[in-house]
Amino acid sequence: MDGSEWFTDVQQALIEWQVTMSTHDYIGYLSTVSAYLVLPLPERQRAFSRILRVLPDRVEMTADITLHPARRRHPGHHLDHEAPHL
């Protein structure tokens, strides 16, 4: 976004977030990940079963969020390298 002609005053903010969940909740989370969703159902179920066997009862996960607040450039704003529209 920083180099975009559509935005100005681009900033970055990091929200650090640690999540602890049950192994079954973690499998629920994995069931939303596209890498697992593309697997045929029997293969996906086998993968989740194997994961359940090796994980502890509680899973800790880092779920940091990076935000990029910015202002939309005014429609009449012209970049230095652009010629004004006549």
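Val19 makes contacts with Val59, Glu60, Met61 and Ala63, when residues up to four places away in sequence are not counted.

On the surface, a nonpolar patch is formed by Ile15, Trp17, Ile65 and Leu67, which together have about 360 Å² of accessible area. Trp17 is located in the loop between strand E2 (13-15) and E3, and its relative accessible area of 46% places Trp17 in the partly exposed class.

The count of salt bridges comes to one. Asp9 is paired with Arg71, with the closest N and O atoms 3.1 Å apart; this pair links distant parts of the chain, since Asp9 lies in the loop between E1 and E2 whereas Arg71 belongs to strand E6 (residues 71-72), 62 residues apart. Asp9 is partly exposed, at 43% relative accessibility, while Arg71, with a relative accessible area of 55%, is exposed.

As regards confidence, the protein has an average pLDDT of 86, and 85% of the residues score at least 70. Among the elements of the protein, the mean pLDDT is lowest for strand E1 (residues 7-8), at 85, and highest for H3, at 96. Where pLDDT is low, the predicted coordinates should not be read in detail.

Technical notes: Residues numbered from 1 in each chain as written. Predicted model: local features only at pLDDT ≥ 70, side-chain atom pairs only at ≥ 80, totals over all residues. Heavy atoms only, no water. Contact = heavy atoms within 4.5 Å. Patch = residues over 30% accessible without salt bridge, like charges linked within 9 Å, V, L, I, M, F, W, Y side chains within 5 Å. Areas by Shrake-Rupley, 256 points an atom, 1.4 Å probe, with all protein chains shown as cover. Salt bridge = Lys/Arg side-chain N within 4 Å of Asp/Glu carboxyl O. Helix = DSSP H or I, 4+ residues; strand = E, 2+ residues; numbered from the N terminus. Buried < 20%, exposed > 50% of the residue type's maximum accessible area, 1.4 Å probe, protein only. pLDDT = per-residue confidence, 0-100.
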